[in-house]
Amino acid sequence: MGIKTFIFDLDGVLTDTAEYHYQAWQRLADEEGIPFSREENENLRGISRRDSLEYMLSRAARQATEEQIQEMMERKNRYYRELIQGMRASDLLPGAAELLEETRQAGFRIGVASVSKNARDVIASLEFEPLVDAISDGYSVERHKPAPDLFLHAAQQLDTPPGQCVVVEDAASGIEAAKAAGMWSVGLGPVERVGEAQVTFPSLAGVRLTDIMTGLMSSIQAYQGDTCDDVSSDNDGTAKAVTTNGGTSEEVTTNGGTFEACNTNGWLVREHAFDPAQQHHKETVFALGNGYLGTRGTFEERYPGDRQATLINGVFDDAPVVYTELANAPDWLSFHLIIEGERFSMERGRILAYERILDMHRGLLRRTLRWQSPGGHTVDIEIERWASLADPHLCAIRYSVTLVDFEGSEEPLKRLLPTVELRAGFNSMVDNEGLTHWHLVGQGNPDVSSCYLHSRTRHTRIDLCQTAHLDVEGVEDICYRGQDCDGYPAISASFHLSPAQKITATKLVATYTTRDTDSLLAEALGKLKAATARGYQRLKADHMAAWRENWEASDVLIEGDDEAQRAIRFNLFQALAAAPRQDDRISIPAKTLSGFGYRGHVFWDTEIFIVPFLTFTQPDLARNLLMYRYHTLSGARRKAANSGYEGAMYAWESAATGDETTPRWVPLKDGELLRIWCGDIELHITTDVAYAAWNYWQTTGDDDWMRRYGAEIFLDTAIFWASRVEENAELGCYEVRDIIGPDEYHEHVDNNAFTNRMIQWHLETAQDVLSWLRREDPARAAELEQQLDLTPPRLNRWADIASHMLVLHDPESGLFEQFEGFFALEDVNLADYEPRTRSMQSILSVEGANRRQVLKQPDVLALLYMLPDDYDRQTLRTNWDYYAPRTDHTYGSSLGPAIHAILACKLDMPEEAYEHFMRAALVDLKDVRGNTADGIHAASAGGVWQAVIFGFGGVHMTQEAPVATPRLPAGWQRLKFRLQHRGEWHEFDLKQ
């Protein structure tokens, strides 16, 4: 069936604006002396204002000039607009809000198509605009129902073929329009009014998505006859219909009342059952963030052994071994439900139904479940939460409770006790895997429905203030109380609840640190007050609108491969959720803000893998990440000086200041200490930063940034390289000894090809940057020349090094030697070690891998990936054939598969490219490497985007614009994305 979109009429379907229209027409009719009744108003459903007026005039045998008709229409519209000013979300018709939410959760796109020219105002008043992807109204088309134009316009906006749209209407003219458009139709109301809709319901009250889909499946059977292969019911109650159309088989599934969308939108990540064995993996998968903070997907009520964490970007505190780490902030999720003394917990009682959904399109995490308490009482719980992308200081939880079969005690005295209690607040008793970073400064309850917590990091002395407000709707006589237990400030709301009665509680949270303001408590309470006044729905709308804007720039559409579609969006969601928006003093950690892995430190992962994605889709965010490197130049200069060199030498692992934070020794499980050399001798990070700056500048044309910041980065790091290389007078060249290249299985190597060639590129390009700066901004050039001592002898040395840098490359065969002596190492056939579940280094030992030709990740191939225009296809093929079979693709580095996917595409090996791509795309969703519990693999997330765009899309740059030479994998019917180049958007819609 392939349905992707639902298009709803407005009047009579989602809200009863027909009553407002009737009142407005009635007032006009009274003023004009025209007989008019409710029965006659029914005949106006679904037709335009002019047609309605002409109908009324004809019934009254009245003549009117065009000027009079225009005046009467304007008057009626004015009356109508006055009436709808008071509309609120409560004016949605029964069942409408629930169906809209369910439709969105199932991954369908939603449109509204109404002949009314006031449709947008009505939708805004009803507060469901964030659920709507497109609106077609009286201004959109000239011809109205029963012409199909209105629905076709909506489908066009939604980029959906008419045959994949379902129209929900309450008038025969609308059903006729849907038919004329070639769309499926659902009618609401009596058959004599709605006509021949494929499915009919009296109204939306009580209608679930599964009801609509079941009805449409029956219609398919009747329509397609023997092309509907099977409609059956499994033993578990799962109903399925498999249809074939032109050889394409698609499955429509309903499972436990929740429709499993058969569309390929791929916006949802679902969990249908909770498995404690997968707990830590899923905590990472269901993490949320907004660039300011990230929160792991732990439960609000907690669960034994969970790895709860909220990491606020830039809030570091001292730690042994690793120097510094992002300090796990007090838990803002804390939310507890207590029914007659029984506290809800996933580990107690019985879970009768469960689903958790990450809605990536809107940045929402939802959990719905039916819980039976140990005492045998049943309750339905729905929890929704988000970290606002519109306002980084705001987070929210919406918590709904419905008692299914529990009334409480019948004893008169016990009836005085609260039946239900909700407790919401903060838990300051948190740690970073055993290490605590906070001590309590203060806490309190400004009023009975609010609380705050003031904490301070133990060593870096960063203050944090968190405020929360709790509001409960849907019940009378609520008793709010402040709770002030040390370290656990909270608000308690107690009330009675009847069976089938639903209450909804909203917890709003505001967070500030002294990195943001000196007036912590005032700012946090002020933000909370403003947020409370704005209300949950409008705050949520702002948040979803921000996500929609991000996706408009960054989304990648894949048709024909649902798994790949969901995976690419998941990776982009996690990258966008970690990207700082308001702060250019921070970056994206290697594990984003989703786990304790690498302690929040920043690696080359950001510049080489994530910055390109943002450079082409959201350059302002890429600029922020590069500004972090500018702000940490002082730390890079300190590292160079401490190591005995000049200029700026970037840290392999960087945190708040840019000083080196790579641990020098780490304890192993057997108690032995392992020396970590990356911070001392893995030097290519310095050129990686310059490389990212150069490509950002070339892509965006941001001359202002290069003048003010980028040039200084480029030139000062070039100074470092000129002081680090060694002259080999005997060979007449320059070399770099005792380093680590990108392949970290090999330490203390000499003349790593990647490093030496990138140094050469760096020094050549630095001279170009300085020449450009002298032309474009002589004053800034003179300033940097004086500040950095860029004398003619120094610049001449750069040129000499670039001309005589030793790069181990055989021009005849095209083969690079990864480093001096690599070819003399013992060769290894990786197939001899299959199957395996761990890295080659763990199998061979650190020293064993160091002595063999086995790679953790691409090294020479990474060089060819980064300088694609400098080497021909044969050189790529020669080096691929040698190094790809020697690379630990499965358990080596997560950075490698995306690069291999891109290069395999360039070598016209689509099947191999797809295998590498999916290994990268599913690394976290399916925990491919078994370490997702530590956090999202940020580099892989950015690399996946590059694999799709530069690999399968075949995008390459020309002087004028990016162009594509697609190499789509088998099964991919379509690949669609946008790129921004020098301020202009370029649309790519590639088809097989």
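Is R270 buried or exposed? The points below start there.

1. This is a predicted model. In it, R270 is buried, at a relative accessible area of 19%. The cut-off for buried is under 20%. R270 sits in strand β11, which spans residues 268–271.

2. R270 has polar partners. Its side chain and that of E355 are joined by a polar contact of 2.9 Å. A polar atom of the R270 side chain also lies 3.3 Å from the backbone oxygen of Q105.

3. Next, the cysteines. Zero disulfides turn up in a search of the whole structure. A disulfide needs sulfur atoms within 2.5 Å. C485 is in no disulfide either. Its nearest cysteine sulfur is again that of C451, 12 Å away.

4. How accessible are these two cysteines? C479 is partly exposed, with a relative accessible area of 38%. C485 also counts as partly exposed, at 49%.

5. Now a helix pair. Helix α15 covers residues 604–617 and helix α19 covers residues 685–700. Their axes come within 9 Å and cross at roughly 5°. That angle makes α15 roughly parallel to α19.

6. Which residues of α15 make the contact? They are W604, E607, I608, V611, T615 and F616. On the α19 side, the contact residues include I685, V689, Y691, A692 and Y696. By class, the contact has nine nonpolar, four polar and two charged residues.

Technical notes. Residues numbered from 1 in each chain as written. Predicted model: local features only at pLDDT ≥ 70, side-chain atom pairs only at ≥ 80, totals over all residues. Heavy atoms only, no water. Buried < 20%, exposed > 50% of the residue type's maximum accessible area, 1.4 Å probe, protein only. Helix = DSSP H or I, 4+ residues; strand = E, 2+ residues; numbered from the N terminus. Polar contact = N/O pair within 3.5 Å; in protein donor to acceptor, adjacent residues only side chain to side chain. Axes fitted to C-alpha atoms, helices over the stretch in contact; angles between N-to-C directions. Parallel < 35°, antiparallel > 145°, perpendicular 65-115°, else oblique. Contact = heavy atoms within 4.5 Å. Nonpolar A, V, L, I, M, F, W, Y, C, P; charged D, E, K, R; others polar.
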